[in-house]
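Here is a friendly walk through one protein model, made for reading beside the sequence and the 3D view. Keep both open as you go.

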Amino acid sequence: MILEKHLTIREVKKILRDLNDDLQTELENKEANYQRTQPQSPVLKDIVVDKSHSSFDKFSHYVIKDEDLDPRIISLLQSINAYEALIIKRIRSVALANKKDAEVIILREDEKWASEHGGNPRSWELIGEMTGFSSRQAHRIYDKFLIS
């Protein structure tokens with residue numbers, strides 16, 4: 001039997017941050033390529049006539065570079081949209097659950113708690129104490145949430 005790993009909201013948010021960082025880098029590269037195509041004031045050394053000097057078309061180079069960057073940018077945007085849709089689905093399923101179940105899920109997915117405690121989520125025992133469930137029951141509620 002193959003077990004599927006379902007991503008938690010916290011894991012999806014981390015993936016989204018990484019994707020947004022990659023997207024920002026690609027957009028900055030694209031902007032840098034665009035700026036290279038814009039007219040600039042001439043520099044004296046560029047005015048000197050030299051027969052060995054070959055002509056370099058900045059705009060053509062920019063178009064070529066764009067063809068390299070655009071598919072990557074589109075791919076990143078599609079991934080970001082897919083992960084954001086997943087977060088919306090997960091949050092919607094939490095909202096549809098009863099209040100106590102939602103509390104278990106929210107306590108387990110708390111990013112602030114995890115970052116303050118070395119990336120570890122709250123323990124099942126602690127969640128059980130806070131919600132009035134046993135640790136096994138809290139774990140079962142969370143697993144049920146991940147499957148849905």
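Let's begin with T131, which sits in helix α6, spanning residues 124–131. Helices (H or I, at least four residues) and strands (E, at least two) are DSSP runs, numbered from the N terminus. T131 is buried, at a relative accessible area of 4%. Here, buried means under 20% relative accessible area, exposed means over 50%, and partly exposed is in between, with a 1.4 Å probe and protein chains only.

The T131 side chain reaches the backbone oxygen of I127 at 2.8 Å. Not counting residues up to four places away in sequence, T131 touches K100, E103, V104 and L107; contact means heavy atoms within 4.5 Å.

A word on the source: this is a predicted model, where local features need pLDDT of at least 70 and side-chain atom pairs count only at pLDDT 80 or more, while totals for chains, interfaces and linings use all residues. Residues are numbered from 1 along each chain as its sequence is written, and side-chain values use heavy atoms, with hydrogens and water left out.

## The rest of helix α6

Which residues of α6 are buried? They are W124, I127, G128 and T131. Seen down the axis of α6, these buried residues fall within an arc of 100°, so they line one face of the helix. The arc is that of the directions from the helix axis to the C-beta atoms. An α-helix has 3.6 residues a turn, so residues three or four places apart point the same way.

What do the buried residues of α6 pack against? Their partners are α4 and α7. Just after α6 comes G132, with a positive phi of about 90°.

Helix α7 covers residues 135–147, 13 residues in all, and reaches 19 Å from its first C-alpha to its last, close to the 18 Å expected at 1.5 Å a residue. That expected span is 1.5 Å times one less than the number of residues.

In α7, the residues A138, I141, Y142, F145 and L146 are buried. Viewed down the axis of α7, its buried residues fall within an arc of 140°, so they line one face of the helix. On the face turned away from this buried side, α7 carries the exposed residues R136, K144 and I147.

D143 also belongs to α7. Is D143 buried or partly exposed? D143 is partly exposed, with a relative accessible area of 33%. D143 and H6 are 137 residues apart in sequence, and their C-alpha atoms are 9.3 Å apart in space.

## The second largest pocket

The second largest pocket has a volume of about 160 Å³. On a 1 Å grid over the protein atoms alone, a cavity is a set of points where a 1.4 Å probe fits but cannot get out, and a pocket is an open set with protein on both sides within 12 Å along at least five of seven lines; lining residues have an atom within 4 Å of a point. Grid points are joined across faces, edges and corners, and a volume is the space filled by probe spheres set on the points.

I9, R10, K13, I91, V94, I105, I106, E109, D110 and E111 line the second largest pocket. At least two lining residues come from each of α1 (9–37), α3 (58–96) and α4 (99–108). The largest share, 3 residues, is from α1.

E111, one of the lining residues of the second largest pocket, is in helix α5, residues 111–116. E111 is partly exposed, with a relative accessible area of 27%. Leaving out residues up to four places away in sequence, E111 touches R10, K13 and R17. E111 and P121 are 10 residues apart along the chain, and 7.8 Å separates their C-alpha atoms.

L19 is found in α1 and counts as buried, at 13% relative accessibility. Apart from its neighbours within four places in sequence, L19 is in contact with L76, S79, I80 and Y83. L19 and Y83 are 64 residues apart in sequence, and 9.8 Å apart C-alpha to C-alpha.

## The whole protein

How many helices and strands are there in the protein? There are 7 helices and 0 strands, in the pattern α-α-α-α-α-α-α along the sequence. Of its 148 residues, 25% count as buried. Among contacts between residues at least 6 apart in sequence, 70% join residues at least 24 apart.

Note on methods:
Polar contact = N/O pair within 3.5 Å; in protein donor to acceptor, adjacent residues only side chain to side chain.
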